[in-house]
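Hi everyone, thanks for coming. Please take a look at the model on the screen, and then I'll walk you through a few parts of it.

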Amino acid sequence: MIDPIKTDIRIIKTKRAIRDATMKLLSQKSADDISITELALTAQINRKTFYNYYQNIYQVIDEIENETVEKFASTFKATDWLDGDELDFYKVFFCVTESVRDNMDFFRHLLSINRTSVIITKVEKTLKEKAIQYFNKYLDIDESLLSLAMDYVISGMFSVFSTWLQNGQKMSVAEVTDYVGMMSLGAVNSILESKNINTKKLTL
């Protein structure tokens, strides 16, 4: 009799190997240049096994995109950004860096992909939407201005993380979080102060 638990674990491991291999190859070349033979070899499976789960590489990429967005979305859902009755700006960045730290290999490949990648675009869009949603609860600010500020902060944050990974992570995750938080906080507060908007709740 086949053990369904062992079967499920094997399926999960195989699909994870395929996704990890896809991410690794995407950091080196475009999807159009990746063959199923190459992908199967990188994932240490055979072509038949690949086709047991996916029709083509684009189906794998679509699954990766959805999984990546969900990683960040679930982090936001689980994060309490309040310190008492004030918004703790540091947690905005810490929840993201926690995700990066806990999934380092995955995000190393993610952040090495071309900056115009749909995956990166979807993640940044999700972060921006979640940030705007939370900030709207605590700041009396025009949404178009808040959207502009979040574009600046989130794109800059990913750029810093990308450079940090490429340079061998010479700083700790905590140090990167602190610096990104301070720089982003300064930029956002400058924008808000120019509009005479109360920034007392934007603290680190």
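**Cores and salt bridges**

Let's start with L146: leaving aside neighbours within four places in sequence, its contacts (heavy atoms within 4.5 Å) are I132, F135, N136 and I141. Before I go on, this is a predicted model, where local features need pLDDT of at least 70, side-chain atom pairs count only at pLDDT 80 or more, and totals for chains, interfaces and linings use all residues. Residues are numbered from 1 along each chain as its sequence is written, and side-chain values use heavy atoms, with hydrogens and water left out.

Buried is under 20% relative accessible area, exposed over 50%, and partly exposed in between, with a 1.4 Å probe and protein chains only. This core has 21 residues, and L146 is among those with the most contacts inside it. Helices 7, 8 and 9 each supply at least two of its residues; helices here are DSSP runs of H or I, at least four residues, numbered from the N terminus. Helix 8 gives the most, eleven residues.

On to charges: which residue does K15 meet in a salt bridge? That's E63, at 3.4 Å, N to O; a salt bridge is a side-chain nitrogen of Lys or Arg within 4 Å of a carboxyl oxygen of Asp or Glu. K15 sits in helix 1 and E63 in helix 4, 48 residues apart. R19 also bridges to E63, at 2.9 Å. At 13% relative accessibility, R19 counts as buried, while E63, at 23%, is partly exposed.

Definitions and conventions
Core = buried A, V, L, I, M, F, W, Y, C linked by side-chain atoms within 4.5 Å.
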